[in-house]
Amino acid sequence: MTGLKRSWVDSANSAETDFPLNNLPYGVYDKGDEEVFCGVAIGDYILNLTKLEEDQVLDLGLGVSLFGWGTFDPLIDEGQQVWDQLRTWCETVLKEGSPVEKTIAPYLDAREGVRMHMPFEVVEYTDFYAGKNHAFNVGTMFRGPENALPPNWLSIPIGYNGRASSVVISGTDVTRPNGQLKGPDDELPHFGPCARWDFELEMGAIVGKPSEGMVSVKEADDMIFGYVLLNDWSARDIQAWEYQPLGPFQAKATATTISPWIVTKAALEPFRTSTPEGERPLLPYLKEPGPMLYDIDLEVSVAPEGKPETVVTRTNYKEMYYSAAQQLAHHTTSGCPMRPGDLLGSGTISGETKESRGSMLELSWGGKEPLTLDSGETRTFLEDGDTVTFRGAAKGNDYKIGFGECVGKTLPAAEIPDWAKE
Ligand code: MN
């Protein structure tokens, strides 16, 4: 494994920073006014690509602006060669001893205090269910341990088509949904605020290249531009009543939060790891030609309003049964065209132990085993005012490839209008 690549930006050389020279993730930000910039995180700073391009310090020879649009979509659309060209350029100008340090230094913006925006337009959003521990735990609660894993689970990366319109950037408040509910003892359903509001700890894979027809797992891997942390907010009581026979619908349509920095596949290369040995042989089109998962430590904290946060789970992306490349390959089998800006949620990432479960549903075992937070409060599901924060990093010997934070606070449900009352 390669070690830390040193930069003339001192804060990028710390073993603690999420953003050393090895990482170079892409984000969109403003500094408190109307102007929005595309940038690369480096230590405590952001290299302002928009200004560098405007001043023609950065010129990839394409004859068009890549960074003047407030989104990384134009870069993503250019494809692998330009992705590599930009990464090499950033690495060259930021490395220790670079002769252009004095030219580049004025284009560093302090990262503290900036406001982050969506770094790309989510054109479609699919969420998967590829964590075996999660699927087993949820299946056990919903259907009993004998029927926990559906018969197709060990053969198909199960997913559903989500709503691109519901994907929001870290820091956006999320309103508890109202919905149709029916408890196990209720004779009839009613309409009201979700009482079992939950997070799901996931990784999001961003598709960077289009497909026509079916692609192999190797080709699918080449199509992925990068990864983010992803919180698939879930209304468990709405879900339990609505999910059969067509899967989740309103339970998953309120919001999905992503972290603001796109960590490229290139930065994660040293951390590749294989999916686990299959319990049932996979069909040839789903077999991995090489390691397609990544060793990324993940954690979730919950902070009640005005109280300190408590880490409630620690797990790792390598717990998944299917990789994003396998999910993407499966997605194309129908002939479904995939496009740059397609977002794939991994599915909830739960480890084997109780402390590594990726949702409140599992952590509190369906509400039966409340968690005690450091503030002394207990939780089965999320309360209004709770802030949920995800963090993640792939860890080398003397550096890490960090994702920053994926944060969201829950606001109380909207008032139910009179015409919707019984
Ligand atoms: Mn999910």
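Colleague: What area is buried between domain 1 and domain 2?
Modeller: About 1900 Å², with carbon and sulfur atoms giving 66% of that. Buried area is the accessible area (1.4 Å probe) that two parts lose on being put together, summed over both. This is a predicted model: local features need pLDDT of at least 70, side-chain atom pairs count only at pLDDT 80 or more, and totals for chains, interfaces and linings use all residues. Residues are numbered from 1 along each chain as its sequence is written, and side-chain values use heavy atoms, leaving out hydrogens and water.

Colleague: Which three residues supply 27% of the area that domain 1 buries?
Modeller: Tyr-26, Ile-76 and Trp-83.

Colleague: Where are the domains, then?
Modeller: Domain 1 is 10-117 and domain 2 is 125-415. The bounds come from an automatic or database domain assignment.

Colleague: How many residues does each domain put into the contact?
Modeller: Domain 1 gives 24 and domain 2 gives 23. Contact means heavy atoms within 4.5 Å.

Colleague: New topic. How many salt bridges are there between the two domains?
Modeller: The count is 1. A salt bridge is a side-chain nitrogen of Lys or Arg within 4 Å of a carboxyl oxygen of Asp or Glu.

Colleague: And what about Lys-400?
Modeller: Its side chain meets that of Asp-18 in a salt bridge, 3.8 Å from N to O.

Colleague: What classes of residue make up the side of domain 1 that touches domain 2?
Modeller: That side has 12 nonpolar, 7 polar and 5 charged residues. Ala, Val, Leu, Ile, Met, Phe, Trp, Tyr, Cys and Pro count as nonpolar, Asp, Glu, Lys and Arg as charged, and the others, Gly among them, as polar.
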